[in-house]
Amino acid sequence: MSSIANMMQKFAEHNNLFNFEGNMETIIPGVYFHRASKSSPRQPLIYNSGIIIVGQGHKIIHFPDHQIKYGEGDYLVLGVPVPLECEAFTDNNQPVMGIVIDINPVMLHKLVNQIGTHKPFTTGQMSGVQSAKIDGAMEQVTHRLLSVLNNPIEADVFGEDIVKELVYRVLCGPQGHTLIGLAMHDGHYARIARTLSTMHSSYANQITVEGLAEDVNMSVSSFHRAFRQVTFESPLQYLKKVRLAKAKELITSSGSKANEAALKVGYTSPSQFSREFKRHFNKTPSEMLIQLHN
């Protein structure tokens with residue numbers, strides 16, 4: 001067991017999380033603990049933006065033309081929320097564990113501006129999903145973060161500064177350009193990030209590609225190209241996956257009927273919703289509920 005995994009195990013013990021499944025916010029705002037006791041098959045979901053540090057287990061993210069595998073000793077940087085197909089694996093019958101850190105935009109912009117006064121930025125692939133190996137400096141700050149999570153006073157006093165250092169380490173690392181691009185207001189990456197924020201807050205409304213492109217002052221062709229480069233999806237495919245993910249949440253967590261959920265997320269045709277839901281999740285809403293309650 002790695003030192004990071006050992007500290008995550010101590011966090012789980014300290015907070016009596018042996019039977020916990022999923023994500024929970026810690027005493028530091030914007031920092032979440034993730035635990036899954038079993039492997040899970042390949043399934044569609046939406047990864048929110050943030051930094052994911054894996055302590056135990058591994059996952060594979062599937063794209064149409066490639067895969068990203070990340071696990072113990074890796075961290076994942078997501079500048080924007082991205083619909084993905086992912087499968088998770090426990091290693092040596094030990095639960096998958098990790099922490100997720102939200103990226104505060106105000107903190108990010110301040111850090112990027114400060115770093116920019118000392119050294120020029122390097123550019124890299126404009127993509128919404130990147131992974132990297134945890135180096136010594138990143139491991140040390142992760143240790144400090146996990147340590148204060150079990151101490152409310154230290155978390156209150158040092159938590160924000162430790163998160164700030166962690167974001168700094170990511171900015172200076174091999175995938176820092178993902179977050180640097182997010183902070184550059186006039187760059188294509190930041191413009192697409194603003195578009196995604198609009199789509200996630202207004203998914204139930206009528207949305208057109210022309211309107212989205214106009215909102216960020218881009219031509220439709222440039223917008224299409226940049227959107228696919230960041231999210232690996234066309235704008236309409238992305239919107240459809242967001243709507244279906246929201247509908248799944250309404251059906252499985254809020255008890256909504258399938259037709260009600262369809263209308264709430266922006267579908268006007270229940271039959272089209274049913275077809276696309278089955279195609280996306282490989283289950284009808286009723287089949288998903290049956291599996292959930294078994």
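The following legends describe close-up views of a predicted model.

The model is predicted, with local features requiring pLDDT of at least 70 and side-chain atom pairs pLDDT 80 or more, whereas totals for chains, interfaces and linings use all residues. Residues are numbered from 1 along each chain as its sequence is written, and side-chain values use heavy atoms, without hydrogens and water.

**View 1. The buried side of H3.** Met138, Val141, Thr142, Leu145, Leu146 and Val148 are the buried residues of H3 (under 20% relative accessible area, 1.4 Å probe, protein chains only). They lie on the same side of H3 because they cover an arc of only 165° around the axis, taken from the directions from the helix axis to the C-beta atoms. The elements covering them include helices H1 (3–14) and H4 (152–171), and strands E2 (31–36) and E9 (96–101).

**View 2. Surroundings of Ile61.** Ile61 is in contact (heavy atoms within 4.5 Å) with residues including Tyr47, Leu76, Leu84, Cys86 and Val129, leaving aside residues up to four places away in sequence. Cys86 counts as buried because its relative accessibility is 4%.

Note on methods:
Buried < 20%, exposed > 50% of the residue type's maximum accessible area, 1.4 Å probe, protein only. Helix = DSSP H or I, 4+ residues; strand = E, 2+ residues; numbered from the N terminus.
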